[in-house]
Amino acid sequence: MTVTAAASERLIRIGEVARGAGVSVRAVRYYEQQGLLIAERSPSGQRLYRQDAIALVRFFQQMFAAGLTSRRISELLPCWDAGHTDAQQRAMLRAERERIQAKIDDLQATLDHLDQVIAITDTHP
């Protein structure tokens, strides 16, 4: 994702992005190193980001939590930016969705088992 600010758009510093997204400054730098986020530089060399960097970092966090790699996330960014996909991108998106759904199903089965154990132990303290 390229960050090119319009003349009227207020850019924010790395600390503001980190606070707004609930991550560390180090995480924001990591996303930049991975090519997921691009900062402009102030005359003094400080990193400056568009306001939408906060939403992007939250998206990255969700995708990492779901098990996607930096590389896979970078493949998703054109879909996010353009709002449309080609057949290969759609296949990748569907495959990731199926993988995540399988993970959710496994977690739900585990939760159901825990609920059963809790129910049993509630009746036999």
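Biologist: What should the 13 residues of H3 span at 1.5 Å a residue, and how far apart are its end C-alpha atoms?
Modeller: They should span 18 Å, and in this predicted model the end C-alpha atoms of H3 are 18 Å apart, which agrees.

Biologist: OK, and which residues of H3 are buried?
Modeller: Ala53, Ile54, Leu56, Val57, Phe59, Phe60 and Met63.

Biologist: What do those buried H3 residues pack against?
Modeller: Quite a list: E1, H1, H2, E3 and H4.

Biologist: And what follows H3?
Modeller: Glycine 67 does, with a positive phi, near 100 degrees.

Biologist: Let's talk about the core. How many residues are in the largest nonpolar one, and which have the most contacts inside it?
Modeller: The largest nonpolar core has 26 residues, and Val17, Val28, Leu37, Tyr49, Val57 and Phe60 have the most contacts inside it. The elements giving two or more residues to this core are helices H1 (14–21), H2 (25–33), H3 (53–65) and H4 (70–82).

Biologist: Which one gives the most?
Modeller: H3, with seven residues.

Biologist: Pick Val28, then. What does valine 28 touch, not counting residues up to four places away in sequence?
Modeller: Ile14, Val17, Ala18, Val23, Leu37 and Tyr49.

Biologist: Tyr49 again. How far is tyrosine 49 from arginine 10, in sequence and in space?
Modeller: The two are 39 residues apart in sequence and 8.7 Å apart in space, C-alpha to C-alpha. Arginine 10 sits in the segment before strand E1 (12–13).

Biologist: What is arginine 10 in contact with, leaving aside its neighbours within four places?
Modeller: Glu16, Tyr49 and Gln51. With glutamate 16, the arginine 10 side chain makes a side-chain to side-chain polar contact of 3.3 Å.

Biologist: Switching to the other arginine: where is arginine 50?
Modeller: In the loop between E3 and H3.

Biologist: Is arginine 50 buried or exposed, and why?
Modeller: Arginine 50 counts as buried because its relative accessibility is 16%, and the cut-off for buried is under 20%. Its side chain also makes a polar contact of 2.3 Å with the side chain of aspartate 52.

Biologist: What about serine 42, where does that one lie?
Modeller: Serine 42 is in the loop between strand E2 (40–41) and strand E3 (47–49). It counts as buried too, because its relative accessibility is 12%. The side chains of serine 42 and serine 44 are joined by a polar contact of 3.0 Å.

Biologist: Now H4. Where is the kink in it, and how big is the angle?
Modeller: The kink lies at leucine 76, about 30 degrees, shortly before proline 78. End to end, the 13 residues of H4 reach 19 Å from first C-alpha to last, close to the 18 Å expected.

Biologist: Which H4 residues are buried, and what do they pack against?
Modeller: Ser70, Ile73, Leu76, Leu77 and Cys79 are buried, and the buried residues of H4 pack against H2, H3 and helix H5 (87–123). Just after H4 comes glycine 83, with a positive phi of about 80 degrees.

Biologist: On to H5, then. How many residues does H5 have, and how far does it reach?
Modeller: H5 has 37 residues and reaches 54 Å from its first C-alpha to its last, close to the 54 Å expected. Gln89, Met92 and Glu96 are buried in H5, and the buried residues of H5 pack against H4.

Biologist: What caps the N-terminal end of H5?
Modeller: Aspartate 86: one of its side-chain oxygens lies 3.1 Å from the backbone nitrogen of glutamine 88.

Biologist: Last topic, confidence. What is the mean pLDDT of the chain?
Modeller: The mean is 88, and 93% of the residues reach 70 or more. Over residues 1–5 the pLDDT is below 50, though that stretch has 21 contacts in the model beyond near neighbours in sequence.

Biologist: And where in the chain is confidence lowest and highest?
Modeller: Confidence is lowest in H4, at a mean of 83, and highest in H1, at 96.

Definitions and conventions:
Residues numbered from 1 in each chain as written. Heavy atoms only, no water. Core = buried A, V, L, I, M, F, W, Y, C linked by side-chain atoms within 4.5 Å. Buried < 20%, exposed > 50% of the residue type's maximum accessible area, 1.4 Å probe, protein only. Helix = DSSP H or I, 4+ residues; strand = E, 2+ residues; numbered from the N terminus. Contact = heavy atoms within 4.5 Å. Expected span 1.5 Å × (residues − 1). Bend = angle between axes of the 7 residues up to and from the residue. pLDDT = per-residue confidence, 0-100. Polar contact = N/O pair within 3.5 Å; in protein donor to acceptor, adjacent residues only side chain to side chain.
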